[in-house]
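Here is a colleague's note, to be read with the model open. Please check each point against the coordinates.

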Amino acid sequence: MDEVAWVVRDTAVGPLMAAWSGQGLVLVAFRAGPATVAREVGALERRLGCAVVEDPERLAPVTEQLAAYFAGELKEFDLALDWSLTTGFNRRVLRELATGVPYGAVVGYQDLADRVGEPGAARAVGAAMGANPLPVVVPCHRVVESDGGIGGFGGGLEIKRTLLALEGVLPAPLF
């Protein structure tokens with residue numbers, strides 16, 4: 001891998017950082033202020049062993065699709081995904097989530113564990129969601145508790161509620 005490009009864009013859930021490798025979208029990060037960007041750039045350089053540079057041009061297709069999603073105009077992302085930052089069980093769960101839980105739908109942690117053939121792994125599914133390097137695009141916000149609770153979310157529950165409201169799963173927050 002020669003180089004990873006990144007960009008930050010303002011969205012309905014605050015600034016998002018997106019990073020693109022030669023293979024596809026490799027990272028989406030919430031609350032992408034200067035400290036977050038510096039931390040994520042350093043982590044990408046260490047984990048992927050390449051230069052990581054700001055390059056909005058290379059990420060134009062990504063930012064266009066994110067803008068369309070947040071405007072309510074895009075229901076399914078059409079982007080190559082680079083799974084380099086996830087392995088094993090987490091990768092299996094995230095791939096199932098990416099392909100098997102459409103816009104406007106939700107799935108329980110246990111249901112997702114069952115789908116990947118690991119019925120005793122509901123808690124591990126929660127850990128996989130917390131380690132998701134591609135939130136929004138790989139929609140970990142669509143994973144909820146079996147009893148109807150919203151569950152956790154690495155980006156914070158306010159962002160999860162906003163994303164679920166955007167998709168029509170929850171009513172829009174009043175304030």
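1. Basis. This is a predicted model: local features need pLDDT of at least 70, side-chain atom pairs count only at pLDDT 80 or more, and totals for chains, interfaces and linings use all residues. Residues are numbered from 1 along each chain as its sequence is written, and side-chain values use heavy atoms, with hydrogens and water left out.

2. Helix H6. Helices are DSSP runs of H or I, at least four residues; strands are runs of E, at least two; both are numbered from the N terminus. H6 spans residues 157–166. Its buried residues are Ile 159, Lys 160, Leu 163, Leu 164 and Ala 165. Buried means under 20% relative accessible area, with a 1.4 Å probe and protein chains only. These buried residues pack against helix H2 (60–70), helix H4 (109–115) and strand E6 (143–144). Contact here means heavy atoms within 4.5 Å. Gly 168 follows H6 and has a positive phi, near 80 degrees.

3. Aromatic rings. The structure holds four aromatic pairs. Rings of Phe, Tyr and Trp (its six-membered ring) pair if their centres lie within 6.5 Å; planes under 30 degrees apart are stacked, over 60 edge-to-face, the rest tilted. Tyr 69 and Phe 70 are edge-to-face, because their planes stand at 80 degrees, with ring centres 5.1 Å apart. Tyr 69 is buried at 1% relative accessibility, and Phe 70 at 13%. Ring pairs link Tyr 69, Phe 70, Phe 77 and Tyr 103 into a cluster.

4. Cysteines. There are zero disulfides, meaning pairs of cysteine sulfur atoms within 2.5 Å. Cys 50 is buried at 9% relative accessibility. Cys 140 is buried at 5%.

How values were computed: Buried < 20%, exposed > 50% of the residue type's maximum accessible area, 1.4 Å probe, protein only.
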